[in-house]
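Here is a short report for a first look. Read it with the structure open beside you.

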Amino acid sequence: MKDESRRGFIGKAFGAVAAVGGVASLLAMKKTWDPLPSVMSAGFTTVDVSALEANKLDIVVWRGKPIFILKYTDDMKPTDGRSVKVGDHYYSVMIGLCTHLGCIPAYRADQKDFKCACHGGEFTSAGINKFGPPPRPLDLPPFKIDGTTLVLGEEGPEYKAMMAKAGGA
Amino acid sequence: MAEFKPAGSMYEWFDQRLGIDKFLKVMMTEYWIPKNINFLWAMGVLLTVMFTILLISGIFLLMYYKPDMNMAFDSVNYTIMQEVGYGWLFRHIHAVGASVVFLIIYIHMFTGIYYGSYKKGRELIWISGMLLFVLFSAEGFSGYMLPWGQMSYWAAYVITEIFGGIPVIGGDLVVWIRGNFYVSDSTLTRFFMLHVLLIPLAILGAIVVHFYALRFPHVNNEEGEFFDFDKEADKYLAGDKKGSKVVPFWPVFLSKDFFVLGFFLLFFFYLVFFHYDFAMDPVNFDKADNLKTPAHIYPEWYFLWSYEVLRGFFFDIAGISGKSLGLMAFAFANAIFLVLPWLDRSPMVKPANQRPYFKYWFWFLMVDLMVLTVYGKLPPTGANAWVGFASSITFLTLFIALPFITKAEAKKVGGK
């Protein structure tokens with residue numbers, strides 16, 4: 001009887017130690033699969049937009065996706081809920097993948113719009129679909145304005161306001 | 001210490017230490033298989049052989065393959081295909097083998113369903129078999145990523161994206177699985193590890209469980225007859241081989257299996273040498289480009305039916321988005337086969353053609369799976385989308401209706 005309870009105690013103690021060890025190793029394994037710190041920091045792309053040339057499309061890569069940054073000329077009207085004001089100028093900041101099947105549309109500077117070569121979809125300079133199969137405007141990446149620089153990957157107040165507008169519409 | 005007599009021969013020496021005689025009896029010469037079976041009972045051995053072929057060809061590919069996003073594509077398409085002696089052969093064996101293994105898995109699975117070999121004591125054979133199906137699917141998916149072509153990349157993208165549909169944790173989970181915000185080098189190396197080590201190990205373990213699960217309920221037969229295996233085995237051992245309902249696994253059963261295997265391997269190597277192109281998608285001979293999506297992304301033929309269930313729901317119903325409905329249907333389709341032994345409420349273990357209601361269910365399912373497979377490959381536009389929707393709904397309905405159909409059948413046949 002005494003032996004039994006001692007063996008039972010040893011069994012329970014071993015079980016407790018093994019459980020702690022098991023949970024700890026699961027945590028370590030989960031951590032090993034996490035994106036590396038270098039990957040996480042590369043998830044934020046910083047662009048100084050003040051030096052960009054107006055009516056010329058700039059493409060930066062953020063999290064493996066092409067991001068369109070277009071500086072407006074003075075005669076281009078900003079579109080409510082889509083155009084971003086940084087400093088004195090307006091910009092379009094959008095994920096450059098056609099919302100139809102993910103091709104990358106090209107910018108036509110003379111007509112100030114985007115044309116997708118794959119299936120003929122067209123978007124305005126603010127990324128609103130105006131012709132062809134695309135079901136919705138170009139998606140917007142989360143961004144934050146910091147002086148004249150744009151931080152892609154962080155949600156700033158301007159981005160949140162645009163999202164609230166898009167959600168309410 | 002056990003008492004050892006001096007061995008009279010090399011065989012005896014080993015037998016004393018390893019019990020070879022006893023082992024061979026238990027595993028081979030006195031492992032009893034019913035006599036009343038047909039060529040469909042050879043699929044298990046075919047699959048074992050196919051797994052071995054995949055393992056061996058994989059080992060040879062592994063010597064030259066480089067799991068790095070900048071080197072993977074060339075290591076396959078240049079080094080292995082053009083420089084390594086017979087490298088093309090190992091690649092074609094591996095790619096065609098991956099496809100053919102699923103063909104045999106499906107035949108094996110539907111043979112089990114047709115003959116009712118998943119109930120009355122055979123539930124664990126069925127469940128371990130379905131576990132193997134899941135593991136082989138994961139193995140096929142992870143392997144498809146490795147050549148790092150356009151279809152590799154975008155299939156990986158689309159499939160990992162599926163986990164994004166899980167509520168709350170979805171977005172973070174996708175990033176965690178990929179090891180990056182998009183499919184990248186970290187994704188390639190971790191799926192490489194899964195493909196060459198972890199999943200094959202799990203498959204080996206599951207095969208052992210699957211075989212072991214057969215030992216007590218025994219292999220089913222063409223008529224679904226239950227009989228006393230010990231009695232029939234005694235009859236066989238006493239010399240009444242004709243009157244006994246069983247034969248030993250070796251040499252009798254396996255010699256017939258080898259005959260079927262011979263035909264199968266002729267077919268397999270015919271594909272490897274003359275029709276390997278069906279397993280080599282032309283899109284995958286373009287290197288992966290994360291900035292360029294192919295116009296149509298589709299999986300290999302063996303995943304088409306569940307892919308079609310995933311995208312069959314292309315509009316919202318009752319406020320639930322089409323995407324979520326598709327995901328739920330996809331999860332249902334992949335999990336439902338697992339519980340088949342409990343969905344079939346009829347106690348009958350008979351081939352489907354002898355079951356009054358089940359036979360219709362079975363052939364309906366076959367036709368529906370074929371429709372899903374065909375439409376899974378076609379672009380989901382216009383009428384195609386509606387056929388996809390109807391056949392997805394049919395699939396779900398068939399499984400929801402199965403308990404009722406089989407319950408009615410049980411009533412009709414009076415619990416036989």
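## The interface

In this predicted model, 13 residues of chain A are in contact with 13 residues of chain B. Contact means that the C-beta atoms of two residues, placed from the backbone, lie within 7 Å. On the side of chain A that touches chain B, 8 residues are nonpolar, 3 polar and 2 charged. Ala, Val, Leu, Ile, Met, Phe, Trp, Tyr, Cys and Pro count as nonpolar, Asp, Glu, Lys and Arg as charged, and the others, Gly among them, as polar. The predictor gives the complex an ipTM of 0.78 and a pTM of 0.90.

## Chain B overall

Chain B has 16 helices and 2 strands. These are DSSP runs, numbered from the N terminus: helices are H or I with at least four residues, strands E with at least two. The C-alpha atoms of chain B fill a box of roughly 70 × 60 × 45 Å along the principal axes.

The average pLDDT of chain B is 94, and 99% of its residues score at least 70. pLDDT is the predictor's confidence in each residue, from 0 to 100.

## The largest core

The largest nonpolar core has 53 residues. Such a core is a set of buried Ala, Val, Leu, Ile, Met, Phe, Trp, Tyr and Cys residues joined through C-beta atoms within 7 Å. Buried means 20 or more other C-beta atoms within 10 Å of the residue's own, with C-beta atoms placed from the backbone. Val101(B), Trp148(B), Tyr153(B) and Ala156(B) have the most contacts inside this core. Helix 5 of chain B (residues 87-114) gives the most to it, with 8 residues.

## Reading notes

Residues are numbered from 1 along each chain as its sequence is written, and chains are lettered from A and ligands numbered from 1 in the order in which they are written. Local features need pLDDT of at least 70 and side-chain atom pairs count only at pLDDT 80 or more, while totals for chains, interfaces and linings use all residues.

Notes: Buried ≥ 20, exposed ≤ 12 C-beta atoms within 10 Å, placed from the backbone.
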